[in-house]
Amino acid sequence: MDGGGQYNPRTVEEVFRDFKGRRAGMIKALTTDVEEFYQQCDPEKENLCLYGFPNEQWEVNLPAEEVPPELPEPALGINFARDGMQEKDWLSLVAVHSDAWLLAVAFYFGARFGFDKTDRKRLFNMINDLPTIFEVVTGTAKKQSKEKSSVSNSSNKSKSISKGGRASESGKFSKPVQAKDEEEVVDEEDEEEHGDTLCGACGENYAADEFWICCDMCEKWFHGKCVKITPARAEHIKQYKCPACSNKRARP
């Protein structure tokens with residue numbers, strides 16, 4: 001098994017990069033690759049774990065055989081609960097355990113390489129600035145963001161608009177010409193309204209210069225690059241469904 005242990009991050013920045021890579025892989029398993037993940041977690045198999053790797057890949061596999069293991073191990077036997085509860089609840093449970101595992105791995109590296117109090121605090125703050133896997137999977141972070149803003153964003157739901165009402169790379173949705181001061185105010189409002197919006201695939205924050213697309217089923221927003229949709233392709237999509245919603249409809 002890869003286990004992600006082929007190199008050892010030694011600085012706060014390296015440990016955080018390792019954390020982000022593993023986190024991205026696990027988010028992928030629980031969102032865009034959820035159908036494949038679900039199938040791999042067969043309750044008839046032995047105790048299985050969900051691993052995230054620094055290269056943003058994921059794997060469902062048996063736990064490490066060596067005792068103690070090279071790295072802390074994820075929650076054991078996630079497959080046994082799969083058919084005993086609602087899929088949404090099961091995925092949320094796996095997400096919570098995945099968050100706990102990511103913290104364990106990050107602070108294992110911190111302890112192993114002698115991080116002091118300042119280093120540990122800096123590492124935690126960097127991690128804490130990202131939404132948890134649980135928040136991404138359940139959409140909690142997006143709901144919190146919606147509650148903060150009383151402004152309806154229905155006018156911003158055009159799918160290939162680059163989310164803040166700015167022109168997309170294709171130029172199809174261009175903003176009306178405005179006075180310079182007025183434009184600056186609009187840009188500030190966009191940042192305030194959408195600054196906490198998170199990509200449903202990678203969990204990263206909204207950025208004004210990136211192309212985003214909205215799923216017409218679950219209404220989650222995604223970076224175009226995360227779901228492999230370009231602005232040009234988006235122009236030809238009448239109703240966009242994200243990978244998770246497409247998979248749900250395909251399952252018997």
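**Close-up views of side-chain contacts**

View 1. R82 and D83 join their side chains in a salt bridge, 2.8 Å from N to O. A salt bridge here is a side-chain nitrogen of Lys or Arg within 4 Å of a carboxyl oxygen of Asp or Glu. The model is predicted: local features need pLDDT of at least 70, side-chain atom pairs count only at pLDDT 80 or more, and totals for chains, interfaces and linings use all residues. Residues are numbered from 1 along each chain as its sequence is written, and side-chain values use heavy atoms, with hydrogens and water left out. The charged end of R82 also sits over the ring of Y38, 4.3 Å from the ring centre. That call requires NZ of Lys or CZ of Arg within 6 Å of the ring centre and within 35 degrees of the ring normal. R82 counts as buried, at 11% relative accessibility. Buried means under 20% relative accessible area, exposed over 50%, partly exposed in between (1.4 Å probe, protein chains only).

**View 2. F37 and W90 form a stacked aromatic pair.** Their ring centres are 5.3 Å apart, with 15° between the planes. Rings of Phe, Tyr and Trp (its six-membered ring) pair if their centres lie within 6.5 Å; planes under 30 degrees apart count as stacked, over 60 as edge-to-face and the rest as tilted. F37 lies in helix α2 (residues 34-40) and W90 in helix α3 (residues 87-112), so the contact ties together parts 53 residues apart in sequence. Helices (H or I, at least four residues) and strands (E, at least two) are DSSP runs, numbered from the N terminus. Both F37 and W90 are buried.

**View 3. F37, Y38, W58 and W90 make up an aromatic cluster.** Ring pairs provide the links among these residues. The structure holds seven aromatic pairs.

**View 4. E13 and R122 meet in a salt bridge.** The N to O distance is 2.6 Å. E13 belongs to helix α1 (residues 12-30) and R122 to helix α4 (residues 117-128), so this pair ties together parts 109 residues apart in sequence. E13 is partly exposed at 37% relative accessibility. R122 is partly exposed too, at 36%.

View 5. R22 is buried at 1% relative accessibility. D18 is buried at 2%. The structure has four salt bridges by this rule.
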